[in-house]
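Subject: Structure for your review

Dear colleague,

Please find below the structure that I am handing over to you, followed by a summary of what was found in it.

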Amino acid sequence: MTLELYHSGLTSCSKKARLGLKEKGLAYKSHFIRLDKFEHHDPAYLKLNPNGLVPTLVHDGKVIIESGVINEYIDEVFPDKPLKPADAYGRAQMRIFCKMADEYGLPATRIPTWTRTKAEQIKSMPQAEFDKIVSETPLVDHRLKLEALKGEGFTKKEFDEAYGKMDYIFKRCETALAEGPYLAGDMYTLADIAMLPYIAAFKDVRPDLLKAHPHTNGWLERVMARPAVQATYLPSAETVPAGA
Ligand SMILES: N[C@@H](CCC(=O)N[C@@H](CS)C(=O)NCC(=O)O)C(=O)O
């Protein structure tokens, strides 16, 4: 059996897949994809992931994309150390948070993160090189965001929307975590894994939010202490690309 993960270390979606694999105790071959060098636009990589995004899992030659789908897949195929509640209602609660992480967490994180990590590089890129990068970018919303960074950057409206999404996520997590130690109740599940990279990222952008949400703050401390989470976040060959 072979598992290979194409990822970009500490990016949110890469962390989600790495958190899942490590929590399950699954060994895998790591392939670091340099987003700053646009390795995710390489035609060979685009064959694996037509969205041109990380992460991508390859299991015995079968390709699975989307961090949330990857985690559901590995939990199904490798049933030891389950990451889903045993009952249907618990799984429904879990999936509500997984969906919120994808639909609200990721877009909210992208606005400040792309501003911090990409704006300077894109702004100073020669126009011809930039046009090539945009033409190779499969997803239209990513093309539009790259164009925004080449111009004036993201608008106040885009930042307001991102911050509003963060506020909402914190509100929902706080309510759930007042009840159970984890987002879907008593058990650490794919919901906690899906939400963790976003809550941890928001903490850096909006430290005020954690202070105002003590249950979420307590949950963050609890989950960050898990060995699989430590192994995901602490510097390693998986968080730093070779030769960097
Ligand atoms: N819904 C996808 C989103 C994947 C995604 O957006 N990945 C980001 C890193 S978190 C990426 O590849 N970005 C490309 C870039 O920054 O150019 C998933 O969860 O796997």
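The notes that follow treat the ligand site, the backbone and the aromatic side chains in turn.

This is a predicted model, in which local features need pLDDT of at least 70 and side-chain atom pairs count only at pLDDT 80 or more, while totals for chains, interfaces and linings use all residues. Residues are numbered from 1 along each chain as its sequence is written, and side-chain values use heavy atoms, with hydrogens and water left out.

**Ligand site**

- Glu66 places a polar side-chain atom 2.6 Å from a ligand nitrogen.
- His40 has a polar side-chain atom 2.9 Å from a ligand oxygen.
- Val54 uses a backbone N or O atom, 2.9 Å from a ligand nitrogen.

On its own the ligand has 510 Å² of accessible area, of which the protein covers 89% (Shrake-Rupley method, 1.4 Å probe; for residues, only the protein chains shown count as cover). Helices (H or I, at least four residues) and strands (E, at least two) are DSSP runs numbered from the N terminus.

**Backbone**

Most residues other than glycine have a negative phi, and most peptide bonds are trans. Glu66, in the loop between strand E4 (62-65) and helix H3 (67-77), has a positive phi of about 75°. At 40% relative accessibility Glu66 is partly exposed (buried means under 20%, exposed over 50%, partly exposed in between; 1.4 Å probe, protein chains only). Phe38 also has a positive phi, near 55°, and at 12% relative accessibility is buried. The peptide bond from Val54 to Pro55 is cis, with omega near 5°.

**Aromatic side chains**

The model contains five aromatic pairs, counted for rings of Phe, Tyr and Trp (its six-membered ring) with centres within 6.5 Å; planes under 30 degrees apart are stacked, over 60 edge-to-face and the rest tilted. One of them joins Tyr104 and Tyr168 edge-to-face, at 5.8 Å centre to centre and 65° between the planes. This pair links distant parts of the chain, with Tyr104 in helix H4 (residues 88-117) and Tyr168 in helix H8 (residues 156-179), 64 residues apart. Phe159 and Tyr163 form another edge-to-face pair, at 6.4 Å and 80°; being four residues apart in helix H8, they are separated by about one helical turn.

Lys165 lies over the face of Tyr104, 5.2 Å from the ring centre. The charged end of Arg222 sits over the ring of Tyr182, at 5.9 Å from its centre. The criterion is NZ of Lys or CZ of Arg within 6 Å of the ring centre and within 35 degrees of the ring normal.

With kind regards

Notes:
Polar contact = N/O pair within 3.5 Å; in protein donor to acceptor, adjacent residues only side chain to side chain.
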